[in-house]
Each structure stands twice: as C-alpha cells, then as structure tokens.
Amino acid sequence: MDLWLMNEPLDRPRDRWLADRIIERRALTRASGAEKLEIDLTLVMKGFDFDAVWRERRVFVVEGVDIPIARLLHIVQSKHAAGRDKDKLFLATHKDALEQLLKKPELD
C-alpha cells in the first residue's frame, strides 16, 4: 500500500522525523492499495480521547501483520458524534448489521 498525507507520499523514502510529526500532530494519513482500496489512518475520534480508545483496541492479524483497530462501539459512537452527512448515511445504511454486531450475547 502507498501512504499519503494530503498530496505528499509518505512511504518512500522512509522518514522517521516526519512520521513522528504526523503522530504528534494527529494528522490524518491515507493508505491506498490495489483495486481502489483506501484506508484512513487517524489518531482522532470525535467524542473520544485517542489514548483511551487505543488502550481498548482490538488487534487483528492478517498474513502475519498486526492491524490495531478501534472497538466497533467506539467507531459507531464517534461517527454518531461527528454528525457528518457521510457518517449519518453510513449509520443508517448499516443500522441493522451494526445493531446485530453490537448486541451483547445473552447469558444462559
């Protein structure tokens, strides 16, 4: 995947100083890959402190690579708090599926 900050490529050459500044300033970074795959890497979530969300993250392993992801509940709550049109559309479109995924399992 290629990493971008606005119109600047970040993945080559590798620049530790620049990476530290991106984290320090909580800048949005976009990773793009094959077949129009785009993933936003963000250190900011509306309604949350990043460090608190980071402590409760889940880690998925894909082909031996650890991928830390915020809890689904935090993502949904953040989208709701942001109130952007695209977030409202996402929440409305996927309402049933999100409710099922977030439903607590019943105890026997």
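Biologist: In what order do the four strands of the open sheet stand, and is the pairing parallel or antiparallel?

Modeller: In general, strands of a sheet pair through backbone hydrogen bonds, either parallel or antiparallel. Here four strands form an open sheet in the order 2-1-3-4, and the pairing is antiparallel. Strand 2 and strand 4 (38–41) are at the edges with a single partner strand each, so one side of each has no neighbour in the sheet. As for the terms, helices (H or I, at least four residues) and strands (E, at least two) are DSSP runs numbered from the N terminus, and two strands pair if DSSP finds at least two bridges between them.

Biologist: Before we go on, what should I know about the model and its numbering?

Modeller: This is a predicted model, in which local features need pLDDT of at least 70 and side-chain atom pairs count only at pLDDT 80 or more, while totals for chains, interfaces and linings use all residues. Residues are numbered from 1 along each chain as its sequence is written, and side-chain values use heavy atoms, with hydrogens and water left out.

Biologist: Back to the sheet: over how many bridges do strand 1 and strand 2 pair?

Modeller: Strand 1 (residues 2–5) pairs with strand 2 in the antiparallel sense over two bridges. Leu5 has Glu8 in strand 2 as its bridge partner. Strand 2 (residues 8–9) also holds Pro9. Apart from neighbours within four places in sequence, Pro9 is in contact (heavy atoms within 4.5 Å) with Leu3 and Trp4. Pro9 is partly exposed, with a relative accessible area of 38%. On that scale, buried means under 20%, exposed over 50%, and partly exposed in between (1.4 Å probe, protein chains only).

Biologist: How do strand 5 and strand 6 pair?

Modeller: Strand 5 (residues 58–62) and strand 6 (residues 65–69) pair in the antiparallel sense over five bridges. Val62 stands opposite Val65 in strand 6. Their hairpin has two residues between the strands, and there Glu63 has a positive phi near 50°.

Biologist: Which residues make the nonpolar surface patch?

Modeller: Phe60, Val62, Val65, Ile67 and Ile69 make a nonpolar surface patch of about 380 Å². Strand 5 and strand 6 are the elements that give two or more residues to the patch, and strand 6 gives the largest share, three residues. Patches are made of residues with over 30% relative accessible area and no salt bridge; like charges are joined within 9 Å, nonpolar side chains (Val, Leu, Ile, Met, Phe, Trp, Tyr) within 5 Å. Accessible areas come from the Shrake-Rupley method with a 1.4 Å probe, and for residues only the protein chains shown count as cover.

Biologist: Which residues of helix 3 are buried, and what do they pack against?

Modeller: In helix 3 (residues 72–82), the buried residues are His74, Val76 and Ser78. They pack against helix 2 (50–55), helix 4 (85–93) and helix 5 (95–102).

Biologist: How many salt bridges does the structure hold?

Modeller: Side chains of opposite charge can pair when their charged atoms come close. The structure holds 10 salt bridges, each a side-chain nitrogen of Lys or Arg within 4 Å of a carboxyl oxygen of Asp or Glu. Asp87 forms one with Lys79, the closest N and O atoms being 3.1 Å apart, and another with Arg84 at 2.7 Å. Asp87 is buried, at 1%, while Lys79 is partly exposed at 22% and Arg84 is partly exposed at 44%.

Biologist: Where do Glu99 and Lys95 lie?

Modeller: An α-helix has 3.6 residues a turn, so residues three or four places apart point the same way. Glu99 and Lys95 both lie in helix 5, four residues apart, about one turn of the helix. Salt bridges that share partners also join Arg21, Glu24 and Arg25 into one network. The closest N and O atoms in the Glu99 and Lys95 salt bridge are 2.9 Å apart.
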